[in-house]
Amino acid sequence: MRARVERIEQHHFRFSIRGMTGDIDVPPEGKPIGPTPKELVLAALCGCTGTDVIDLLKKFGVEHSKLELEARADLTDHHPQVFKGIDLSYFVSGSTDKAESIVEAVKRSTHQYSGTAAMLSKACPIEYRVFLNEILIGTGTVDFSSSK
């Protein structure tokens with residue numbers, strides 16, 4: 001695995017990963033050109049666990065029309081500014097007959113499979129909530145303490 005960044009100007013960088021490029025920016029003022037590094041970390045968490053959940057929902061035979069994830073984090077006041085904690089929400093739209101399987105898919109991702117969640121949970125607590133058709137059906141804390 002490899003990533004490269006090149007400074008474009010001031011705090012604006014362009015990343016290159018396997019031939020794909022994008023912008024990273026931490027503007028002191030003005031309009032940002034791209035997401036900040038910490039925002040990309042939150043997006044990576046969503047993408048990593050979301051991939052697990054999609055695969056597990058398929059394995060469990062759960063039909064769904066939509067899956068969205070959102071990660072929010074507050075930063076510490078002192079430097080280095082790091083996440084105090086992460087709130088991770090899963091929004092699923094679909095049939096309610098397999099709600100338990102949806103919660104189980106999220107639990108397996110956040111306790112066994114998601115490498116990004118495992119790494120970040122060593123740095124700060126990650127709490128998650130699972131919504132099915134906008135109704136809260138499960139909550140938990142990311143915990144890899146029993147995984148090998």
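Leaving aside its neighbours within four places in sequence, with which residues is Ser89 in contact? Please describe the surroundings of this residue in detail.

Mentor: Please keep in mind that this is a predicted model. When neighbours up to four places away in sequence are set aside, Ser89 is in contact with Glu68, Leu69, Glu70, Arg129 and Phe131. Ser89 itself belongs to strand β5, which covers residues 83-94. Its relative accessibility is 2%, and Ser89 therefore counts as buried, since the cut-off for that class is under 20%.

A pair of aromatic rings is described by the distance of the centres and the angle of the planes. The structure holds two aromatic pairs. In one of them, Tyr90 and Tyr128 are arranged edge-to-face, with 6.4 Å from centre to centre and 90° between the planes. This pair links distant parts of the chain, for Tyr90 lies in strand β5 and Tyr128 in strand β6 (residues 126-132), 38 residues apart. Tyr90 has a relative accessible area of 0% and is buried; Tyr128, with a relative accessible area of 4%, is buried too.

The rings of Phe91 and Phe131 also form a pair: their centres are 5.1 Å apart and their planes stand at 15°, so the arrangement is stacked. Because Phe91 lies in strand β5 and Phe131 in strand β6, this pair ties together parts that are 40 residues apart in sequence.

Tyr90 and Tyr128 lead on to the largest nonpolar core. This core has 28 residues, of which Leu45, Ala71, Ile86, Leu88, Tyr90, Ile102 and Tyr128 touch the most other members. Two or more residues come from each of α1 (37-59), β5, α2 (99-113), α3 (115-121) and β6. Among these elements, α1 gives the most to the core, with six residues. As for Leu45, its contacts beyond four places in sequence are Ala71, Ile86, Leu88, Thr116, Ala117 and Leu120.

For the wider setting, one may turn to a sheet elsewhere in the sequence. Strands of a sheet pair through backbone hydrogen bonds, either parallel or antiparallel. Here, three strands form an open sheet in the order β1-β2-β3, with antiparallel pairing. Its edge strands, β1 (4-9) and β3 (20-25), each pair on one side only. On average, neighbouring strands of this sheet are turned by 25° against each other, direction ignored. Five bridges connect β1 with strand β2 (residues 12-17), and Val5 has Phe15 in β2 as its bridge partner. Between β2 and β3 there are six bridges, again in the antiparallel sense, and Arg14 stands opposite Asp23 in β3. The hairpin of β2 and β3 has two residues between the strands, and Arg18 takes a positive phi near 50° there.

Notes:
Residues numbered from 1 in each chain as written. Predicted model: local features only at pLDDT ≥ 70, side-chain atom pairs only at ≥ 80, totals over all residues. Heavy atoms only, no water. Helix = DSSP H or I, 4+ residues; strand = E, 2+ residues; numbered from the N terminus. Buried < 20%, exposed > 50% of the residue type's maximum accessible area, 1.4 Å probe, protein only. Contact = heavy atoms within 4.5 Å. Phe/Tyr/Trp six-rings, centres within 6.5 Å; stacked < 30°, edge-to-face > 60°. Pairing = 2+ DSSP bridges. Axes fitted to C-alpha atoms, helices over the stretch in contact; angles between N-to-C directions. Core = buried A, V, L, I, M, F, W, Y, C linked by side-chain atoms within 4.5 Å.
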